[in-house]
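Let's work through a few exercises together. Take a look at the sequence and the model first, then try each task before reading its solution.

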Amino acid sequence: MTKEIVASTIPIQIEKLKQKGLIVSDIVFATEMLETYGYYNIINSYKEPYIFTDENNKKRFLPNTTFEQLFSLFELDHHLRNSVIIAMIDIEEHLRATAAEVISASFGTDINQYLCRKNYQNRKIKDPRFSLDRILASLKQTADTNMSYPIKYYRDKYNTVPPWILFKGIFFSTLVNYIRLFKSTEKDLMIHRVFGIRNDIKMPDGIRNIFISTLFLFLEYRNLTAHGGRIYNYHPKSSLYLTKQDIYELNDFLPSPHTILNQPGIHQLLISLQLYRYQVPFEYIIDTLNSEIDRHCQSYPSDVGFIKTITGVEISALPVVWVAFNSKVYHNSSKCGNSKNLHEILLKEAIERGFTPCQRCYKQDLTNL
């Protein structure tokens, strides 16, 4: 039997938040934001860093957490998501144009020639929708039936659709899986163009692996942002794929290639975009991320620790420490000893409130920091 879900009013939502320990001092502002964006989108999506489990095994907000603080994190992610979707659309357009250049250079502009099956590698994949035959059939169907102006115009006037026109009418997922089926010659030509690697340099397999991985990473972030997903702490299913041999081969191509494997989601997206010669998408995201992190952390410096850990971005801000509710000791790690329910506060605040450094995780007095 399905359990009925009852929608609550804004006043009830605010009262519920206050009962859980969230400080809601500006009722008018909280009401307006909850009406505009919804309780789930603000509270449920961004409460995690500010929640702890009390002695009764109930979820409560950390002391001194305000609605404005939680909303500021929502706002950070909101602006970051907008920058990511713009960047993904931009890099998508770049990839469409570059793929068309490569295919035209190798096979010409006659669709019967450049979509010939022998020009591609028939790789085994789990999802039959993206098999070679299905991808080529999808491209041909778009050329034959799509009624958008440029495709119809070329079909009617020239009885063919050149790749730079056809690729504008297909899904990004189709384009990504199509590029994945390129043979090494076309794949390397594509990489030379997008990564800016000289044509006389032999392409190692590691670079090919990274290139294809970036495409699927871009696709995942594009779909995530298009559906309003949370970005700042998202862990994508797609990631840059590297073997130990790849890392060895890439030392001459990339700075510290082994670090690629250890980066969180948004940082790995930025690393992927940095590999491309066309830097506008990278610059758009990093500028937004830095400005939003600075804005949020200047108002809520106790959030520096978890934002730095999640995003991988260096943040210049006041030092923070970890404290418990029933103790006057501060720690430099949330995992010190048997302490539970530790939360971050400014080191300055801890000292002012009479906290002393933990003898276990501090080897010296940090009160002079």
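**Exercise 1.** With which side chain does the side chain of glutamate 92 make a polar contact?

*Solution.* Keep in mind that this is a predicted model. Start by locating the residue: glutamate 92 sits in helix H4, which covers residues 67-107. Next, look for its polar partner: the side chain of arginine 96, at 2.4 Å.

**Exercise 2.** Is glutamate 92 buried or exposed? Find also which residues it touches beyond four places away in sequence.

*Solution.* First, read the relative accessible area of glutamate 92, which is 6%. Then compare it with the cut-off: buried means under 20%. Glutamate 92 is therefore buried. Finally, list what it touches, leaving out residues up to four places away in sequence: Phe172, Leu175 and Arg222.

**Exercise 3.** Decide how far helix H11 reaches, and why it can be called largely enclosed.

*Solution.* Begin with the length: H11 spans residues 205-226, 22 residues in total. From first C-alpha to last it reaches 32 Å, close to the 32 Å expected at 1.5 Å a residue. Now count burial: 16 of the 22 residues of H11 are buried, so the rest of the structure largely encloses this helix.

**Exercise 4.** How many helices and strands does the protein chain have, and what percentage of its residues is buried?

*Solution.* Counting elements gives 16 helices and six strands. Of the 369 residues in the protein chain, 46% are buried.

Definitions and conventions: Residues numbered from 1 in each chain as written. Predicted model: local features only at pLDDT ≥ 70, side-chain atom pairs only at ≥ 80, totals over all residues. Heavy atoms only, no water. Helix = DSSP H or I, 4+ residues; strand = E, 2+ residues; numbered from the N terminus. Expected span 1.5 Å × (residues − 1). Buried < 20%, exposed > 50% of the residue type's maximum accessible area, 1.4 Å probe, protein only. Polar contact = N/O pair within 3.5 Å; in protein donor to acceptor, adjacent residues only side chain to side chain. Contact = heavy atoms within 4.5 Å.
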